[in-house]
Amino acid sequence: MNSRVFLAIFICLSSSIGLSKHIECDLTLDDFKPLITNGEIQNRIIEMAKQINHDYAGQELTLIMIMKGAVCIASDLMQKITVPCTIEHMQASSYGQNGTHAGVLTLKGIENIDFEGKHILLVDDIFDTGATITKIKAELAQYNPASIKSAVLLVKNKARAMQEVPEYIAFTIENQFVIGYGLDYKELYRGLPDIWVKKD
Ligand code: 5GP
Ligand code: MG
C-alpha cells in the first residue's frame, strides 16, 4: 500500500474513533428526572414479599443476588421474607463503563454456590432484553436445583412481549435508561434512594 494512502486511512480511522468517543458525553444527575420514589419501592417490596412468602410456604428459599445492581432490592426484599431464607451472590456485568449501552455479558461466582435440590430465587435490578436472567437460568439448570424463579425491581415495557418474564416484578417502565436504588451510570449513582430516568 502506498504510504500516503496508508497515512490517509490512519488519520480517517483515528479521527472517527476520537469522534465516537465524544458521541456519548458524560451524564450528570441534571440529565435525569425522578421516576419512582423510595416509598413507592418499599410498598411494592412489601407486596412482592407477601406473594413470595405465600408461594414458598413450607419451603426453604435461596436468594441469589445478582451483583451489583440487585444490592438494594435484595437487601430490602430479604428483610420482608418470612420463610427460611439464605442469600448468595453472583456477578453479571454487561454495561459497566459503557454507560448506557450493553456490552458483552459476563457471569462470575456461579461455581461458589451450592444449587443442588434448592429452591432458587434470582434477584436482579432490571429485566431489559432478558439476556442476563435467561443465561443465568440456563447455567443454573445444570446444577439440579429444585426450582428456579426470578424477582426483579423493574421490567422494561418491550420485555413484556416475551414469553418468559420474571415471576415477581415490582414495576414495569418504558424503554428508558434509569439509575438509582442499585442501578448505575458508569458505576455511579447506585446509592440514590429513588429511581431516576434519563430525560429525553
Ligand atoms: P438484560 O440482560 O435483561 O438486557 O439487561 C439486564 C442488565 O442490564 C440489568 O441487570 C442491568 O444491569 C443492565 N440494564 C438494563 N437496562 C438498564 C437501565 O435502564 N439502567 C441501568 N443502570 N442498567 C440497565
Ligand atoms: Mg444487572
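Predicted model: local features only at pLDDT ≥ 70, side-chain atom pairs only at ≥ 80, totals over all residues.
A polar contact is a pair of N or O atoms within 3.5 Å; within protein, one must be able to donate a hydrogen and the other to accept it, and residues adjacent in sequence count only if both atoms are side-chain atoms. Residues are numbered from 1 along each chain as its sequence is written, and side-chain values use heavy atoms, without hydrogens and water.

**Ligand contacts**
- A nitrogen atom of ligand 1 lies 2.7 Å from a polar backbone atom of Asp184.
- An oxygen atom of ligand 1 is 2.8 Å from a backbone N or O atom of Gly130.

**Ligand surroundings**
- On its own, ligand 1 has 510 Å² of accessible area (Shrake-Rupley method, 1.4 Å probe). The protein covers 91% of that area.
- Strand S5 (119–127) and helix H4 (131–141) each give two or more residues to the shell. Helices (H or I, at least four residues) and strands (E, at least two) are DSSP runs, numbered from the N terminus.
- S5 supplies the largest share of the shell, four residues.

**Whole chain**
- The protein chain has four helices and nine strands.
- Of its 200 residues, 39% count as buried, meaning under 20% relative accessible area (1.4 Å probe, protein chains only).
- The protein chain exposes about 11,100 Å², with 55% supplied by carbon and sulfur atoms.

Note on methods
Chains lettered and ligands numbered in written order. Buried < 20%, exposed > 50% of the residue type's maximum accessible area, 1.4 Å probe, protein only.
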